[in-house]
Amino acid sequence: MCGIVGFVGREECADILVNALRRLEYRGYDSAGIAVFEGDRIRTVKAKGKIKPEKGDDEHSGLLYRLETEGKPHGTCGIGHTRWATHGEPSDVNSHPIGNERVSIVHNGIIENYREIKKFLISKGYGFESETDTETVAKLLDYYYEGDPLTAIAKVLGKIEGAYALGIIFRDHKNVIYAARKECPLIVGKGEHANYIASDVTAILEHTREYYLLEHSEIAEITADKISFYDINLNPVEKELQTATWDIEAAEKGGYEHFMLKEIHEQPEAVKRTVSPRIKDSMPDFEECGLTDEKINGYDRIYIVGCGSAMHAGMVAKYVIEDMARVPVTVDIASEFRYRRPLVTDKDLVIIISQSGETADTLAALRLSNNIGADTLAIVNVVGSTIARDAKMVMYTNAGPEISVCSTKAYAVQIAFMYLLAFRIAYAKQGITEEKCRELTSELLGISDRISECIEEKAQYQYVASKIMNADSLLYIGRGLDYAMSMEGSLKLKEISYIHSESYAAGELKHGTISLITEDMPVIAVATQQELFEKMQSNIKEVKARGAKVVLVTRKGIVYDEDSVDYKVVLPAVSDVLMPMVTIVPLQMIAYYTAVQRGTNVDKPRNLAKSVTTE
Ligand code: F6R
């Protein structure tokens, strides 16, 4: 969602700010702007639309066009923002930075009590131009400001409720940036005679890898040569400097047409990086993060909670853990879990899956589980993210930065990680022998080569894409693990190609959904599980008999009826339980090529944000 950047140094900063904003474009946004100290004033340039117009956009729109026509602000300190509209439509006036001649701010998050604050400020004579909650914060800062920014900020933080990350500049305090946050991410980057603020480290990686994590309700005061931190009572705070392990190449396209394609290609390496460090003496090992066999044996039930693809990774894990460990696993959508008074107890393990570690509903589900007293384990990609820090145990997936909004490699490493966890849980619960555990672990360790083989088969995915690209609606069907994969395949397709699609448990079709089948509704049948194949074959015949064009995704060694299939993708054979590790590739790539052939914005699909920090 919204992205924040800020720079203070010795160089002209307009381009630095815009480039940093472009690195945050992946978070999702619909307007952008910058505010820079120019002479003795703050000059703001902002515009609705993309920073640089994209295919189909008005070429005379966006921040870069506005900077060209109005002229870049000249100065060495400023703040910038990409806004994903919540309060008020995407428009120039609702874009950030927002403020008046004395103070200017950029804001990520939602101020829940903004109506009350607005009423109060109107009673004090303030007027409002935008429909945003952000403007109430800017004006409240102005109201409390009597020459000392820190005091005004501390007073405002005491009044506002909700989630926020803020970048703030005061005209009277030239070339100083102030920053504060609660719930929404914000880091302070440390350079050479130049310092930064950013929503995430990818925005500033080209300048520095060193940064501080701002904690809840802390305030940072940043000049070109000094960074100071304070708590809400304005006591100084010492912080530890962090070093990002990600490098700039990882956040660039590197010759690929889209980040999504690049990230699909990165999967074999990412899976290796995630799996290898968790294997000791050929066994999955989680003792380092506190998950011992003794603990595992003490759990009555396991809950797995996440949103979107992360939740789908939980579905794969459910099938594997229940089958092997014989322990009940409930998979929940975080936004449902948090409001349905879940029956979690202090004898349960709640596994929270999140790429970003900042998803608002997932974070709320984690905190609820912590409060209940359950053991919580976060499987997270972004180091130091809020979910990673709030969970009782944390384990990182090592996917590197995922820039495409549509998750690919982050999902692949999530399922790889969940396999390892499932094997260990099954071993600890005596559902599988040590020998079986070693055998599965070793196969998982070597699976990257099979994933690479699947990625090479581009022509067949392009061919399938060309056959489904004109459909209005599509159905994905599968059983067991293949049903879990259908869910993910369907999400990928609709997310980036805008073709409506649903996933269905194949056996459930006859209970209503089969009435939708016509020759205009292609069916992607995911059928990689030998044990369930006969049943799948019947379901495939049922849809074929009703006119559907059938795309079969199966594996080598499974014998199917050629007459019931129009197009096929045959994957390399790995153990049935591990098939999702390879099945994911064609599902991602069919979605990718369908979107490319339909000419949609693959990396930044409409209406979507990468990191969903509001409910
Ligand atoms: C789909 C996708 C989303 C995310 C979901 C959770 O391609 O990317 O469904 O999986 O928004 O995000 P995280 O994992 O960051 O909590």
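User: In β3, what is the bridge partner of A32?
Analyst: The bridge partner of A32 in β3 is A47. A caution before we go on: this is a predicted model, where local features need pLDDT of at least 70, side-chain atom pairs count only at pLDDT 80 or more, and totals for chains, interfaces and linings use all residues. Residues are numbered from 1 along each chain as its sequence is written, and side-chain values use heavy atoms, with hydrogens and water left out.

User: How many bridges pair β2 and β3, and in which sense?
Analyst: Eight bridges, in the antiparallel sense. β3 covers residues 41-48, and β2 covers residues 31-38. Strands here are DSSP runs (E, at least two residues), helices are H or I runs of at least four, and both are numbered from the N terminus. Two strands pair if DSSP finds at least two bridges between them.

User: What about the turn in that hairpin?
Analyst: Two residues lie between the strands. G39 takes a positive phi near 60° there.

User: Which strand does β2 run antiparallel to over six bridges?
Analyst: That is β4, residues 77-83. A32 stands opposite T82 in β4.

User: Are the residues of β2 buried or exposed?
Analyst: Buried, eight of eight. S31, G33, A35 and F37 are on one side, and A32, I34, V36 and E38 are on the other. Buried means under 20% relative accessible area, exposed means over 50%, and partly exposed is in between (1.4 Å probe, protein chains only).

User: Next topic: the parallel sheet. What is the strand order?
Analyst: The order is β24-β23-β25-β26-β27, an open sheet of five strands with parallel pairing. β24 (500-505) and β27 (567-571) stand at the edges with a single partner strand each, so one side of each has no neighbour in the sheet. Neighbouring strands are turned by 15° against each other on average, direction ignored. Angles run from 0 to 180 degrees between N-to-C directions, and axes are lines fitted to C-alpha atoms, for helices over the stretch in contact.

User: Give me some of the pairings.
Analyst: β23 (residues 473-478) pairs with β24 over six bridges. S473 has H500 as its bridge partner in β24. Four bridges join β23 to β25, with L475 opposite V523. Another pairing, β25 to β26, also has four bridges, and A525 stands opposite L552 there.

User: Which way do the β25 side chains go?
Analyst: V523 and A525 point one way, I524 and V526 the other. All are buried.

User: Which helix spanning residues 580-598 packs on this sheet?
Analyst: Helix α19. It touches β23, β25, β26 and β27, where contact means heavy atoms within 4.5 Å. The direction of α19 makes about 145° with that of β27.

User: Now helix on helix. How do α7 and α13 meet?
Analyst: The axes of α7 (residues 267-275) and α13 (residues 409-428) come within 9 Å and cross at roughly 35°. The crossing is right-handed. That label applies if the near helix is turned clockwise from the far one by less than a right angle; anticlockwise is left-handed.

User: Which residues touch?
Analyst: On α7, Q267, A270, V271, T274 and V275. On α13, K409, A412, V413, A416, F417 and L420.

User: How many disulfides are there?
Analyst: Zero, from a search of the whole structure. The cut-off is a pair of cysteine sulfur atoms within 2.5 Å.
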